[in-house]
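This briefing covers side-chain pairing and chain contacts. The entry is shown first, and the notes follow by topic.

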Amino acid sequence: MALIEARDLNRTFSVRRRGAGRRDVVAVRDVTFDVEPGEMVGYIGPNGAGKSTTIKMLTGILVPTSGHLRVAGVEPSRDRRRLARQIGVVFGQRTSLWWDLPLRDSFDLLHRIYRTDPARHRANLAEFVELLALGDLLDTPVRQLSLGQRMRGDIAAALLHDPAILYLDEPTIGLDVVSKGRLREFLRALNATRGVTLLLTTHDLQDIEALCDRVVVIDHGTLVYDGSLPGLHEVGGSTRTLVVDLADAAPPIAVPGADTVRVEGPRQWLRFPAEASAAPVVAAVAAAYDVADLSIQEPAIEDVIRSLYGSG
Amino acid sequence: MRLYVAVARGSFRRYATYLGATVAGTFANTVFGLVLCFVYTAVWRANPEAGGYDVADALTYVWIGQGLIMVVAIWGGGSPDDLAARIRSGDVAIDFYRPVSILAWYLAADLGRAAYHLLSRGVVPFVLGALLFDLHRPSPSGAALFLLALPLAVVVSFALRLLAALSAFWLLDDTGPRSLLGFVALFFSGLTLPLVLFPDGLRHVALVLPWQSFVQLPADLFLSKRTGLDAVAGFGLAAAWAAVLLLACAAVLRRAERRVVVQGG
Amino acid sequence: MADLAARVLEPVVDFGRIARLWMRATMAYPASFWMLAVSSPLTTGLDFVALVIIFGNVDDLGGFSLTEIGFLYGATGVGIGVADLVVGRVGNLGELVRTGRLDTMMTKPVPLLVQVCADGFALRRLARVLQSGAVLAWAATYVDWSPARVATTGAMLVSGSLIFAALFVGMSCLQFWTTDTAEVANGFTYGGNTATQYPLTVFPVEVVKALTFVLPIAFVNWYPALYVLGRDDPFGLPSWLQHASPLAAVVCLGACALAWRSGVRHYTSTGS
């Protein structure tokens, strides 16, 4: 049985308009998908597309207007507290830690309210403290932690009770490059060693590339894509760009499988489909020209999604 | 000057957006007003001349009190709360580098707030009270003096609230001083009970403290209990408190500024 | 059986744990902590000071003496004090909705209401219970006690606490729909407390009937106190009302549970 089972999920909000009474707005429309144990799924879409609404239904915060929803075998909004033991939730912008108290106190309270086995809690705590480099921070009041430190604390807090699913809402927002890298590494290891299922919403395509084998795209409340990241590029007709620095200025390069779209002195830009391998294009260019340097530019997530709509 | 008028107007508009809070608060004030009216009716039935008031005076006093709670911010709140939040977050350092007076800026904002609360949470309970009970009809001069006393009450209250907020520079958290101030204001403003009912000794003390200008003085002007020289003396006392307290605010602000500048925020 | 005990006990234990953490958090600012510890009992005591001052101007109020009114005052004060201590923070619900903290609470394995009420717990709210309790104890020395009167007083204090608790929670549910209406609940709870600090004989009979049959605040002290003080109902209402406080509490709790459930199911969270 799938760990997350969503069938024809709908959520409508009644919105009050100035002087014009109330109007129903569909935030999520007929969304259907399954997530199997151990998957790492990126849930993406423009602002206001219905990402948060979906996550809030999956976590039991919002009651679906209609449709069928099972997470870890329970109906989230009806059985919120049982579900809570199965899931960990991190909302990137806010913390669930005690602001004026040391990190250690928050962890200790979570241990007690989840009634985690003491030995299990100690082992988990030791492991997360080690992997997330929290050792020196345990006795620091949360209000004195940096954003990145707090995020690490929040992620440890969400995992201490061994949840089967971890929801992450914009986990890398506001973090510096090094912190982002470390966090992604941790999440990958978490999935590999513990089999924790990961569902994350993000604006950062690199999060998806580093972590997710599967992408679900939502826009205007409707699910518009569910598949692999390369597949998304294919459907969306997105392209990657090979930037070639030649030893000398030359006429536009002509190789099979790529179009030269721009020439500027010795530098040329070749566009090829994102899902295709770069290797044959690189080989063809290297065989025929005197190459000084090569680099590949990845498409931006917004462009991919935009082209998805352009073509659909 | 133009700047501060704009600040006051902006503050007025900001409070005007919390319509739900205004309606809910007006409801609560009205409930309290109703309860107190029945209680005071019983008190003045038992003693028709208590405190030198008649029953209409007492009921009018109730609705003046309920109407002024938010205008004078007797419980606390208003722009000093905004400043306290900026002190906690450290944003106050920016305020010090602005070429405007912090004191005047926050005072203007609080006057704007008070104007909004006068027109909403002040007028509505009073009108409801006047519809339900036989209230004292003020003389033109009484009404005029009453309105003149309000800005003075707001300034005195503002200076006290600001002093409590400024304690956050040293304590990091101003809830303690704020709640102490709220307690004193509640009792000595005459909101809990008209000061005129207080036993002699306590009454004499209460009538020279700054808080008497919050409710007791405006009410006595409205009820024409204080006229002529007596009214002038009331204004003089309130104005003297306003001046002393504002000077104290300025002095504390200067010390705080030195502290912030030395610590670099 | 053990399972049932755990289901009842666990939320209580969790409330204690969360509350204790918040008390520790308030100690992060010791100066404020001590000033609040001083000002809270003083503030709640003001109403009684006002009563005493009123009795400096009159000999009786609504046909009741100061000791009798002290009994009423103490009883309603203990009731709202206990309720405020345990569930009073539910008045902050709108703030939890606005900041999104309610969402976070909904993903924890502790009943939502327990988390909301334990959030920001402060022991200083015990002040009202102690101060009102002291007045009640003083007034009790003037009562002609019998076993039945003792039992009625006990039932009155428990029922009063439950009625006020139900009002706090029930009226705060409005904030699931409109987050800035905390004051409406205050109008009912603290307004109800203020009204019952005085003998209900100061109100017109319509108001008394409303406080009996519509919003049953009169049961927190008035009816049981009439029995304990050995007074006939001044409005001629049936005497069984004097023992109906537990029933009123059950009705209030039922209505409150319905309001809370419907509030949680209609909750729409913030923004996106």
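Asp110(B) has a relative accessibility of 0% and therefore counts as buried, where buried means under 20% relative accessible area, exposed over 50% and partly exposed in between, with a 1.4 Å probe and protein chains only. Asp110(B) forms a salt bridge with Arg113(B), the closest N and O atoms being 2.8 Å apart; a salt bridge is a side-chain nitrogen of Lys or Arg within 4 Å of a carboxyl oxygen of Asp or Glu. This is a predicted model, in which local features need pLDDT of at least 70, side-chain atom pairs count only at pLDDT 80 or more, and totals for chains, interfaces and linings use all residues. Residues are numbered from 1 along each chain as its sequence is written, chains are lettered from A and ligands numbered from 1 in the order in which they are written, and side-chain values use heavy atoms, with hydrogens and water left out.

**Salt bridges within chains**

- Side chains of opposite charge can pair when their charged atoms come close.
- Over all chains, the rule gives a count of 36 salt bridges.
- Arg113(B), the partner of Asp110(B), is likewise buried, with a relative accessible area of 2%.
- Both residues belong to helix α6 (residues 102–132) of chain B and are three residues apart, so about one helical turn separates them; helices (H or I, at least four residues) and strands (E, at least two) are DSSP runs, numbered from the N terminus.
- In chain A, Asp162(A) and Arg120(A) form a salt bridge whose closest N and O atoms are 2.6 Å apart.
- That pair links distant parts of the chain, 42 residues apart: Asp162(A) is in the loop between α5 (147–159) and β6 (165–169) of chain A, and Arg120(A) is in helix α4 (residues 118–131) of chain A.
- Asp162(A) is partly exposed at a relative accessible area of 30%, and Arg120(A) is partly exposed at 36% relative accessibility.
- In chain C, Glu95(C) forms a salt bridge with Arg98(C), with 3.1 Å between the closest N and O atoms.
- Glu95(C) and Arg98(C) lie three residues apart in helix α4 (residues 93–99) of chain C, which is about one turn of the helix.
- Glu95(C) is partly exposed, with a relative accessible area of 35%, and Arg98(C) is partly exposed at 43% relative accessibility.

**A salt-bridge network**

- Arg115(A), Glu10(C), Asp14(C) and Arg17(C) are joined into one network by salt bridges that share partners.

**Interface of chains B and C**

- Of the two pairs of chains in contact, chains B and C share the most contacts, a contact being heavy atoms within 4.5 Å.
- On one side 33 residues of chain C take part, in contact with 38 residues of chain B.
- About 3000 Å² is buried between chain C and chain B, and carbon and sulfur atoms give 79% of this area; buried area is the accessible area (1.4 Å probe) that two parts lose on being put together, summed over both.
- Leu46(C), Ile53(C) and Asn57(C) supply 18% of the area that chain C buries against chain B, more than any other three residues.
- The rule finds one salt bridge across this interface, and the side chains of Glu183(C) and Arg121(B) meet in a salt bridge at 3.9 Å, N to O.
- On the side of chain C that touches chain B, the elements giving two or more residues are α2 (30–57) and α10 of chain C.
- With 13 residues, α2(C) gives the most to that side.
- Chain A and chain B are joined by no contact, and their closest C-alpha atoms lie 11 Å apart.

**Aromatic rings**

- A search of the whole structure finds 27 aromatic pairs over all chains; rings of Phe, Tyr and Trp (its six-membered ring) pair if their centres lie within 6.5 Å, with planes under 30 degrees apart counted as stacked, over 60 as edge-to-face and the rest as tilted.
- The ring centres of Phe168(C) and Tyr190(C) are 5.9 Å apart and their planes are at 80°, so this pair is edge-to-face.
- Phe168(C) lies in helix α8 (residues 147–172) and Tyr190(C) in helix α10 (residues 182–196) of chain C, so the pair ties together parts 22 residues apart in sequence.
- Phe168(C) is buried at 4% relative accessibility, whereas Tyr190(C) is partly exposed at 21%.
- Phe38(B), Trp63(B), Phe133(B) and Phe203(C) are linked into a cluster by ring pairs.
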